[in-house]
Amino acid sequence: MKKILILGITFLAFLAVTSCNSEEIETYQGSDSIYFSPSVFELVFNGPLIDSTGYSFSLEPATVKEHVYFLAVRVQGKVSDVDRKIKLTVDPSSTAVLGTHFTLPDNIVMRAGRAVDTIAVTMLRTEDMKREGKLLVLNLEENESFKTDMKSTVTNVLTQKTLSYISFKLSFDDKLTQPLGWYVPYLGVFTAKKFFLMCDLMGLQPSMFNQKLGAPGLAIADINYYQNFMKRYLADQKASGNIIYEEDGKEMIFP
């Protein structure tokens with residue numbers, strides 16, 4: 001009886017293996033699509049999904065003449081064992097001029113074996129950026145390698161605000177305005193004098209504030225430390241009879 005039971009179990013196991021081998025494993029059969037990764041996956045710092053971003057040269061030393069932004073692209077579909085060309089075009093609404101205000105790689109591809117890759121967009125610092133900012137709008141288009149089936153999605157039902165998967169806006173200038181990393185609830189209203197005083201006193205690089213909150217050195221704990229340091233500094237100066245004023249004559253404050 002025991003032998004019969006063992007034989008029965010062995011036979012059933014054999015049938016199961018045979019059945020699995022005889023069935024084809026279903027694989028992805030759809031068209032491969034390309035889209036900008038930041039609109040779907042925020043890989044760094046778990047920040048908000050975006051289809052645009054900004055950058056200012058005003059926080060960089062005068063010797064810095066260019067800045068590279070690595071724009072992530074992602075494939076919806078199969079990974080290939082060969083490089084696949086990506087069709088990227090500059091939208092007519094752009095005010096930035098290719099070769100003058102920015103450059104793009106000569107060969108833009110999704111490299112073999114990758115589902116995610118980056119496009120190096122090089123912003124060039126020019127004198128006219130001190131007067132007016134530049135806008136660069138990049139569009140992904142279909143070609144022999146990729147479709148653009150993922151177009152956009154509505155992010156706010158009430159306002160009908162949309163997030164594009166195939167269009168990305170990059171604005172940049174050389175005018176000093178409130179940077180991305182200036183967190184008003186902790187640091188107060190932005191002024192150039194307050195900003196550079198804080199950086200000088202604490203040995204901070206102004207360019208680090210080109211990043212959004214959550215980047216290295218710009219966590220809430222860091223911002224809170226900067227706030228408390230400046231509050232103590234201003235209080236100590238005031239107590240010694242040296243009140244620090246803004247350019248408009250008002251007393252400098254941190255919340």
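Buried means under 20% relative accessible area, exposed over 50%, and partly exposed in between. With that cut-off in hand, here are some close-up views of this predicted model.

**View 1. Ser 167, a buried serine in strand 12.** Ser 167 has its place in strand 12. Its relative accessibility is 16%, so Ser 167 counts as buried. The side chain of Ser 167 makes a polar contact of 3.0 Å with the side chain of Asn 139. Leaving out residues up to four places away in sequence, Ser 167 touches Phe 36, Asp 51, Val 137, Leu 138 and Asn 139.

**View 2. The whole chain, for orientation.** Four helices and 12 strands make up the secondary structure to look for here. Of the 255 residues of the protein, 37% count as buried. Among contacts between residues at least 6 apart in sequence, 71% join residues at least 24 apart.

View 3. In general, strands of a sheet pair through backbone hydrogen bonds, either parallel or antiparallel. Zoom in on strand 3 (residues 66-76) and strand 8 (residues 116-124), and you will find nine bridges in the antiparallel sense.

View 4. Leu 104 sits in the loop between strand 6 and strand 7 (109-110). Leu 104 and Val 121 are 17 residues apart along the chain, with their C-alpha atoms separated by 5.4 Å. Not counting residues up to four places away in sequence, Leu 104 touches Leu 88, Val 90, Leu 98, Ala 120, Val 121 and Leu 138.

**View 5. The largest nonpolar core.** This core has 30 residues, and those with the most contacts inside it are Ile 34, Phe 36, Val 73, Ile 86, Leu 136, Leu 140 and Phe 172. Two or more residues come from each of strand 1, strand 3, strand 8, strand 9 (134-141) and strand 12 (167-173). Strand 3 gives the most, with four residues. A second, separate core of 20 residues includes Phe 195, Cys 199, Met 230 and Phe 254.

**View 6. Helix 4 and its buried face.** Helix 4 (residues 220-239) has 20 residues, which at 1.5 Å a residue should span 28 Å; the end C-alpha atoms are 28 Å apart, in agreement. Seen down the axis, the buried residues of helix 4 fall within an arc of 100°, so they line one face of the helix. Those buried residues are Ile 223, Tyr 226, Gln 227, Met 230, Leu 234 and Gln 237. They pack against helix 2 (184-187) and helix 3 (192-202). On the other side of helix 4, Ala 221, Asp 236 and Ala 239 are exposed. Just after the helix, look for Gly 241, which takes a positive phi of about 90°.

Key. Residues numbered from 1 in each chain as written. Predicted model: local features only at pLDDT ≥ 70, side-chain atom pairs only at ≥ 80, totals over all residues. Heavy atoms only, no water. Pairing = 2+ DSSP bridges. Expected span 1.5 Å × (residues − 1). Buried < 20%, exposed > 50% of the residue type's maximum accessible area, 1.4 Å probe, protein only. Arc of directions from axis to C-beta. Contact = heavy atoms within 4.5 Å. Core = buried A, V, L, I, M, F, W, Y, C linked by side-chain atoms within 4.5 Å. Polar contact = N/O pair within 3.5 Å; in protein donor to acceptor, adjacent residues only side chain to side chain.
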